Amino acid sequence: MKKIILLSAIAFTFFGCKKEGEAGKKPVLTFKSVTMEDIPTDVHEIHYIFDLQDGDGDTEGEFFVTDIYRQDSTKYDYMLMPGLESHSGIKLKAELTLVVSDVNESNFLRLRGNNPTPTTNPDTSQLKVYIVDKAGNASDTLRLPKVAIHY
């Protein structure tokens, strides 16, 4: 009986301490919030907030974004992630903010486009996002909440 208990304890220790493997290297992106889901005419910037976890900290890759309501929603635009070289090789937990803006000229994503056409009904936007780290590991694709944009 003592041998069975001892062998069980060794087996639990062995399986509980297994290496992370490839699944631990895949970045995990989790949506937290958006500043607002109904954007009035006088608001020109919204923020999407995410939590990011990466087992090996090599997330200086790319952030991919597409709007599922545009004509070719299979084409993802991308932007480079900020340099996090100091975290390379160690477990990373961070908060990311994706800014969609019409007032910041250097911003990658436009809220209303360059020349919005006036409409009486709000336009709808819904983004899909994922990230790819330097090693080519991709997070799951997230579908963000729908946002109504008034012109």
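Predicted model: local features only at pLDDT ≥ 70, side-chain atom pairs only at ≥ 80, totals over all residues.
A nonpolar core is a set of buried Ala, Val, Leu, Ile, Met, Phe, Trp, Tyr and Cys residues joined through side-chain atoms within 4.5 Å.

**Stop 1: the core.** Select Leu29, Tyr48, Phe50, Phe63, Leu98 and Val129; of the 25 residues in the largest nonpolar core, these touch the most other members. Next, colour strand S1 (28-34), S3, S4, strand S6 (92-101), S8 and S10, the elements that give two or more residues to this core. In soluble globular proteins, nonpolar side chains tend to be buried together.

**Stop 2: leucine 29.** Centre the view on leucine 29. Apart from neighbours within four places in sequence, its contacts include Phe50, Phe63 and Val129, three residues already selected as core members. Leucine 29 is also in contact with Asp51, Leu52, Leu96, Tyr130, Ile131, Ser139 and Leu142.

**Stop 3: the open sheet.** Display S5, S4, S8 and S9, which form an open sheet in that order with antiparallel pairing. Strand S5 (77-80) and strand S9 (142-143) are the edge strands, each pairing on one side only. Between strand S4 (residues 62-67) and strand S8 (residues 127-132) there are six bridges. Two of the bridge pairs can be picked out here: phenylalanine 63 with isoleucine 131, and phenylalanine 64 with tyrosine 130. S8 and S9 are joined over two bridges, and valine 129 has leucine 142 as its partner in S9.

**Stop 4: aspartate 54.** Move to strand S3 (residues 45-54), where aspartate 54 lies. Aspartate 54 counts as buried because its relative accessibility is 1%, and the cut-off for buried is under 20%. Select the residues in contact with aspartate 54, neighbours within four places in sequence aside: Lys25, Lys26, Pro27, Thr59, Ile90, Lys91, Leu92 and Asp133.

**Stop 5: the largest pocket.** Finish at the largest pocket, whose volume is about 440 Å³. Select Asp67, Arg110, Leu111, Ser125 and Leu127, the closest to its centre of the 23 residues that line this pocket. S3, S4, strand S7 (123-125) and strand S10 (147-149) each supply at least two residues of the lining. Colouring the lining by residue class shows 13 nonpolar, four polar and six charged residues.

Note on methods
Residues numbered from 1 in each chain as written. Heavy atoms only, no water. Pairing = 2+ DSSP bridges. Helix = DSSP H or I, 4+ residues; strand = E, 2+ residues; numbered from the N terminus. Buried < 20%, exposed > 50% of the residue type's maximum accessible area, 1.4 Å probe, protein only. Contact = heavy atoms within 4.5 Å. 1 Å grid on protein atoms, 1.4 Å probe; cavity = no way out; pocket = protein on both sides within 12 Å on 5 of 7 lines; lining within 4 Å. Points joined across faces, edges and corners; volume = space filled by probe spheres on them. Nonpolar A, V, L, I, M, F, W, Y, C, P; charged D, E, K, R; others polar.
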